[in-house]
Each structure stands twice: as C-alpha cells, then as structure tokens.
Amino acid sequence: MKRLLEIFAVFFKIGLFTIGGGYAMLPIIQKEVVETKGWMDDEEFLDAISLTNSLPGPLAINAATFVGYRVCKVKGALAAVLGAASPSVIIILAVAVIFSNLTEYPMVQYIFDGIRPAVVALILYAVIKLAKSAKIKEYFNWLIALAALAAIAVLGLHPIVVVIAAALYGLFIRGTVVKAVDAHSASRTAKSGKEGE
C-alpha cells in the first residue's frame, strides 16, 4: 500500500506541475522516475517513451501506466494514472465552476504568455536528454532522426507511418548493419593486434 501511495504521489506531483501536455511532462517524469526514485534507468525510460508514444492516447497517461505497471503491476498502473490525471480534473472542475471567464482577464493572459516559452524549453530539454539516451551519434542514428523529421515536417507523412518505418528499419536493417560494423571493427582490431606482435 505504501508503494502505491508513493506512485500516486509522484504522478500527482508530475500532473500538478506540468503545463503544456505530455512532452512537457517528459523531463519531470524522467527526473522523478529515473533520478529520484530509481525505478528505471535512462535507457529503459527511453524505451518506455518510445513504446508509449506509439500507442493511442495521451503520452502522459500512457507513460504513467507503463511506469506504474513496471513498479507495481496493475495496481501500480492504476495508482499512476489516477495520480497523473487527478490534478487536471481538479483544476478543470475548479476553473469551470469558479472562473468561467478566467481567460478573459489580462493577468491570466500574461501568466500564460510567460509560461509558453518555459514549456518550449521543457520540451527542448526532453529532446536533448532523450537524444543522449538514444545514442544519436552511434550507427547513423542521427541520420534516421533527420530522415524522420524530414518525413514529417517536409513530406507531411503521418507520424504513425514514420514510427512503423523506423521500427521496420530497426527490425530488418539496423541489426544487420550493426553486426556488420561490429564484425569489421573486431576484424581490424584482430589484425592490428597481430601486426603489433
């Protein structure tokens, strides 16, 4: 029970202080789940985000479900989802009941004008952090990232098509390329070892 309350509290805090959607949540989830609680490492977190980002539904709820399940199975997933969703529900109900015309006030507009650039910074931080975990410099991963960006931004392909194409690349091509590069490196190392003798 204590662990379930801990999961709920972590995701409640994440949900409470995240403005800007699921991607803005990523650095906060990463900080809490990986660095503070140690429930998974950076590589597992990246794999979890890759998986949850390719599933239907909001990224934040999918990520909470995955992490909660990883820590405490079904009860953990439920605690994490309730924790992540509760702040939004409470705030939306409060706004709907008390402040029906809240956004018309200039002060509220100023607050949101100040928050928007911070949300962009959070998303950019998440991209940089995830790029390091994705080993973007290895095995032409940077080329795949650029190709995916071009496919979405320039060619207008749907992100689902890009995710499926990247998965197929990883499944059928990348493994072969990595093995070939590793074999070539091992061969060169063996040759230089023999020459050194």
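The structure is a predicted model, in which local features need pLDDT of at least 70 and side-chain atom pairs count only at pLDDT 80 or more, while totals for chains, interfaces and linings use all residues. Residues are numbered from 1 along each chain as its sequence is written, and side-chain values use heavy atoms, with hydrogens and water left out.

**Exercise 1.** Work out how E44 is to be classed by its relative accessibility.

*Solution.* Begin with the place of E44, which is in helix α3, helices being DSSP runs of H or I with at least four residues, numbered from the N terminus. Next, take the relative accessibility of E44, which is 29%, and therefore E44 counts as partly exposed. Finally, look along the chain to S133, which is 89 residues apart from E44, although their C-alpha atoms are separated by 9.2 Å.

**Exercise 2.** Describe how helix α1 packs with helix α4.

*Solution.* First, α1 (residues 2–16) and α4 (residues 59–98) pack at an angle of about 40 degrees, with axes 7 Å apart. Because of that angle, α1 is oblique to α4, where under 35 degrees counts as roughly parallel, over 145 as roughly antiparallel, 65 to 115 as roughly perpendicular and the rest as oblique. Last, sorting the contact of α1 with α4 by class gives 17 nonpolar, five polar and two charged residues, where Ala, Val, Leu, Ile, Met, Phe, Trp, Tyr, Cys and Pro count as nonpolar, Asp, Glu, Lys and Arg as charged, and the others, Gly among them, as polar.

Notes
Axes fitted to C-alpha atoms, helices over the stretch in contact; angles between N-to-C directions. Helix = DSSP H or I, 4+ residues; strand = E, 2+ residues; numbered from the N terminus. Buried < 20%, exposed > 50% of the residue type's maximum accessible area, 1.4 Å probe, protein only.
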